[in-house]
Amino acid sequence: MTAHTKPKRDNFLLDVVCENPMQIVAKVRQYFSLHAQDLIDLGELPSQLGISKQCLEISFEKVRGMSLAQALQEHRLNRLFAALTDQPRQGLGHAIQACGLSRTQGVVALFEQAFGIEMPSFLLTCRRAADDRCFRRNNPEPESLVLPT
């Protein structure tokens, strides 16, 4: 064994301690959902959930291929996407705050990078879709969808 190689025994012990990474990730994601607007201190998260920091990191790397911080950011960006899709006229600042992203620098740039669409285009599309849904609710008959010729 070289100085750069970890003994197999340590890996085995980590697997025993973190025997169900999927369950751990699910538990953390549930916590993220329940505390979406709160300031989540990732340093305190292990003690709040009763899971070691090392186990959390290993579980997220194994299951999601990302760090815990990246997972939290992704979770919040996905919530922002859903919030703006469902209620596009609520205001961007309100939606950002409701998703717990108000303390994150460059939210719009992160959103655009994650979803590959510019925020103004996304909001316009969401608003048009909301208008279409509203029109359809108010005009359920099929003839309402046919344009006059």
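**An all-helix fold and its packing**

Read along the sequence, the protein follows the pattern α-α-α-α-α-α-α-α, which comes to eight helices and zero strands. Helices (H or I, at least four residues) and strands (E, at least two) are DSSP runs, numbered from the N terminus. The model is predicted, so local features need pLDDT of at least 70 and side-chain atom pairs count only at pLDDT 80 or more, while totals for chains, interfaces and linings use all residues. Residues are numbered from 1 along each chain as its sequence is written, and side-chain values use heavy atoms, with hydrogens and water left out.

Among contacts (heavy atoms within 4.5 Å) between residues at least 6 apart in sequence, 60% join residues at least 24 apart.

Two packed helices are described by the angle between their axes and the distance between the axes. Here the axes are lines fitted to C-alpha atoms, for helices over the stretch in contact, and angles run from 0 to 180 degrees between N-to-C directions. Angles under 35 degrees count as roughly parallel, over 145 as roughly antiparallel, 65 to 115 as roughly perpendicular and the rest as oblique.

The axes of α2 and α4 come within 9 Å and cross at roughly 105 degrees; the two helices are therefore roughly perpendicular to each other. Pro-21, Met-22, Ile-24, Val-25 and Val-28 in α2 meet Cys-55, Leu-56, Ser-59, Phe-60, Lys-62 and Val-63 in α4. By class, this contact has nine nonpolar, one polar and one charged residues. In this scheme Ala, Val, Leu, Ile, Met, Phe, Trp, Tyr, Cys and Pro are nonpolar, Asp, Glu, Lys and Arg are charged, and the others, Gly among them, are polar.

Helix α5 (residues 68-86) has its axis within 11 Å of that of helix α7 (residues 107-115), with a crossing of roughly 90 degrees. That makes α5 roughly perpendicular to α7. On the α5 side the contact involves Gln-73, Leu-77, Asn-78, Leu-80 and Phe-81, which meet Val-107, Leu-110, Phe-111, Ala-114 and Phe-115 in α7. These divide into eight nonpolar, two polar and no charged residues.

With helix α8 (residues 119-138), the axis of α5 comes within 8 Å and crosses at roughly 45 degrees, which makes α5 oblique to α8. Phe-81, Leu-84, Thr-85 and Asp-86 in α5 meet Met-119, Phe-122, Leu-123, Cys-126 and Arg-133 in α8.

A nonpolar core is a set of buried Ala, Val, Leu, Ile, Met, Phe, Trp, Tyr and Cys residues joined through side-chain atoms within 4.5 Å. In the largest one, of 16 residues, Val-28, Phe-32, Leu-45 and Leu-68 touch the most other members. Helices α2 (21-34), α3 (45-49), α4 (53-63) and α5 each supply at least two residues of this core, and α2 gives the most, with five. Apart from it lies another core, of 14 residues, among them Leu-84, Ile-96, Cys-99 and Phe-122.

Ser-33 is in helix α2 and is partly exposed, with a relative accessible area of 36%. Not counting residues up to four places away in sequence, Ser-33 touches His-75 and Arg-79.

How values were computed. Buried means under 20% relative accessible area, exposed over 50%, partly exposed in between (1.4 Å probe, protein chains only).
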